[in-house]
Amino acid sequence: MDKLVSLCKRRGFIFQSSEIYGGINSCWDYGPLGVELKRNVKDHWWKSMTQYRNDVEGVDASILMHPKVWETSGHVEGFTDPMVDCKKCKQRFRADDIDSSACPACGGELTEARMFNLMFKTHMGQVEDAASVVYLRPETAQGIYVNFLNVMGPARQKVPFGIAQIGKAFRNEISPGNFIFRSREFEQMEMQYFINPKEDEKWLEYWKEERMKWYVDIGVRSENLKFHQHDKKELAHYAKTAWDIEYNFPFGWKEIEGIHNRTDFDLSRHNQATGKDLSYFDDQTKERFIPYIIETSAGVDRSLLVCLIDAYHEEEVRGEKRVVLKLDPKIAPFKASILPLVNRDNMPEIAQRIAKMLRPHFAIFYDDRGAVGRRYRRQDEAGTPFGITVDSQTLEDETVTLRERDSMEQTRHKIDELVSVLNKSIWGNKS
Ligand code: ATP
């Protein structure tokens with residue numbers, strides 16, 4: 001992990017927030033490469049959930065919602081974790097994270113567990129009193145439930161259908177940590193699928209499979225992924241059955257996504273609280289019901305961390321250590337680097353011409369500084385899958401070398417074939 005954290009800083013993926021002020025605990029900033037990687041992960045999720053399907057619509061709800069939403073959803077009362085303090089070293093822990101009754105840091109005596117609500121509060125308007133309290137949303141899901149009718153009508157959807165959303169969520173976690181694995185401000189990619197209650201098991205199975213495939217599709221090795229079913233003790237207040245997709249992190253198998261059968265809990269509660277009829281009439285089966293919801297809830301930052309950990313490799317090449325991020329080309333921040341071998345003989349001009357030709361198609365990186373071997377190494381660490389080098393042969397026959405990041409194999413291609421060669425290599429059959 002330490003090596004990955006340092007690579008992330010060195011190459012401009014992820015930095016600690018407010019670093020020049022000494023940093024703020026568990027908040028992170030994404031740098032030039034990080035922001036591209038994050039965008040690609042989100043794009044890939046968004047496309048697989050909405051663009052490639054007829055039955056899922058998108059929304060982008062606001063972070064601040066009516067405070068009653070969080071009473072109705074059960075979060076004001078129940079979105080809590082048990083917290084214990086060490087009487088000796090004063091460290092604070094989530095009681096369900098530790099096995100022993102003594103402090104895991106110093107062996108000191110622990111206080112009794114107290115329940116701690118994880119929602120951040122703030123005030124709306126000029127007066128800071130109890131009536132102006134609003135919450136920073138702890139999950140994006142509620143913004144979907146309250147828009148169930150707003151989306152279904154205009155989108156001309158019928159049950160079963162889903163609503164997808166990507167957005168920030170905030171949790172005042174008791175023990176954040178493990179880099180971006182658990183932070184207090186993070187992003188979620190959530191999809192809520194509204195179904196006939198009789199079909200809940202079928203749809204739960206369907207979404208479990210779809211979501212597992214997605215991680216493999218963005219390049220995560222399947223041997224590092226598994227399902228974990230929640231037992232009664234783990235189940236959230238709204239769930240009938242729940243499965244996690246877990247990843248084999250350097251700090252153990254941990255959740256990266258939850259797939260939950262939330263039953264009609266949320267819509268029924270919002271129905272009762274607002275008096276708005278959220279039931280659905282199925283004109284084929286002539287049944288009226290409050291739809292059950294199968295939720296798929298993934299963390300953007302956790303998915304991105306999984307991609308980075310899974311891609312990180314150290315190799316020995318001709319007696320030298322090579323660090324390479326073997327990111328799937330689909331999500332790699334830059335698809336290709338363009339490198340004139342030397343800074344003369346018209347090579348930079350040709351390289352610039354190639355860059356101009358490729359930019360409308362791919363995120364590319366132009367680099368004409370330093371020895372070419374060094375430039376390749378930098379791009380290996382950035383996870384750039386292809387390197388295009390303009391050399392003396394280019395001057396003669398308009399061909400360039402294409403170096404593949406993982407195998408380091410080099411092949412020659414005509415400049416005007418580069419777009420199609422890269423498209424095929426990045427997107428496979430989907431180009
Ligand atoms: P955990 O048990 O790890 O606290 P959770 O069960 O509370 O997680 P969910 O409420 O199911 O998590 O949230 C869905 C997803 O959102 C998680 O699988 C994770 O990817 C992401 N997520 C939740 N909390 C955080 C956090 N504090 N930092 C980063 N990502 C998070």
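Helices (H or I, at least four residues) and strands (E, at least two) are taken here as DSSP runs, numbered from the N terminus. The structure is a predicted model, in which local features need pLDDT of at least 70 and side-chain atom pairs count only at pLDDT 80 or more, whereas totals for chains, interfaces and linings use all residues. Residues are numbered from 1 along each chain as its sequence is written.

On this basis the protein contains 13 helices and 23 strands, and its C-alpha trace spans about 75 × 65 × 50 Å along the principal axes. Burial is assigned from C-beta atoms placed from the backbone, a residue being buried if 20 or more other C-beta atoms lie within 10 Å of its own, exposed if 12 or fewer, and partly exposed in between. Of the 431 residues of the protein, 33% count as buried. Two residues are said to be in contact if their C-beta atoms, placed from the backbone, lie within 7 Å; among contacts between residues at least 6 apart in sequence, 63% join residues at least 24 apart.

The domain assignment, whose bounds come from an automatic or database source, gives domain 1 (2–66 + 138–308) and domain 2 (334–430). The centres of domain 1 and domain 2, taken over C-alpha atoms, are separated by 36 Å. A nonpolar core is defined as a set of buried Ala, Val, Leu, Ile, Met, Phe, Trp, Tyr and Cys residues joined through C-beta atoms within 7 Å. The largest such core has 77 residues, of which Val41, Cys307, Ala336 and Ile388 touch the most other members. Helix α9 (residues 300–311) supplies the largest share of this core, namely six residues. Because domain 1 and domain 2 both give residues to the core, it lies between them. Isoleucine 388, when its neighbours within four places in sequence are left aside, is in contact with Ala336, Ser337, Ile338, Leu339, Ile354, Val400, Leu402 and Leu418.

Helix α9 also packs against helix α2 (residues 32–51), at an angle of about 110° and with the two axes 10 Å apart. The arrangement of α2 relative to α9 is therefore roughly perpendicular, a term applied to angles of 65 to 115 degrees, while those under 35 count as roughly parallel, those over 145 as roughly antiparallel and the rest as oblique. The axes are lines fitted to C-alpha atoms, for helices over the stretch in contact, and the angles run from 0 to 180 degrees between N-to-C directions. In this contact Leu37, Lys38, Val41 and Lys42 of α2 meet Val300, Ser303, Leu304 and Cys307 of α9. The residues involved divide into five nonpolar, one polar and two charged, where Ala, Val, Leu, Ile, Met, Phe, Trp, Tyr, Cys and Pro count as nonpolar, Asp, Glu, Lys and Arg as charged, and the others, Gly among them, as polar.

In helix α8 (residues 265–274), the residues Phe265, Asp266, Leu267 and His270 are buried, and the elements that cover the buried residues of α8 include α3 (67–72), α5 (141–145), α6 and β16 (292–299). Helix α8 is followed by glycine 275, which has a positive phi near 75°.

Positive phi values also occur at residues other than glycine. Serine 18, with a phi of about 55°, is placed in the loop between β1 (14–16) and β2 (28–30) and counts as exposed, with 11 C-beta neighbours inside 10 Å. Lysine 286, with a phi of about 60°, lies in the loop between β14 (280–282) and β15 (287–289) and is likewise exposed, with 7 other C-beta atoms within 10 Å. A cis peptide bond, with omega about 5°, joins valine 159 and proline 160, and proline 160 is located in the loop between α6 (148–152) and β9 (161–170).

Aspartate 85, in strand β4 (residues 80–85), is partly exposed, with 18 other C-beta atoms within 10 Å; aspartate 85 and leucine 110 are 25 residues apart in sequence, yet their C-alpha atoms are 5.6 Å apart in space. Aspartate 367, in the loop between β20 (364–366) and α11 (372–382), is partly exposed, with 19 other C-beta atoms within 10 Å. Residues up to four places away in sequence not being counted, aspartate 367 touches Ser337, Leu339 and Arg375.
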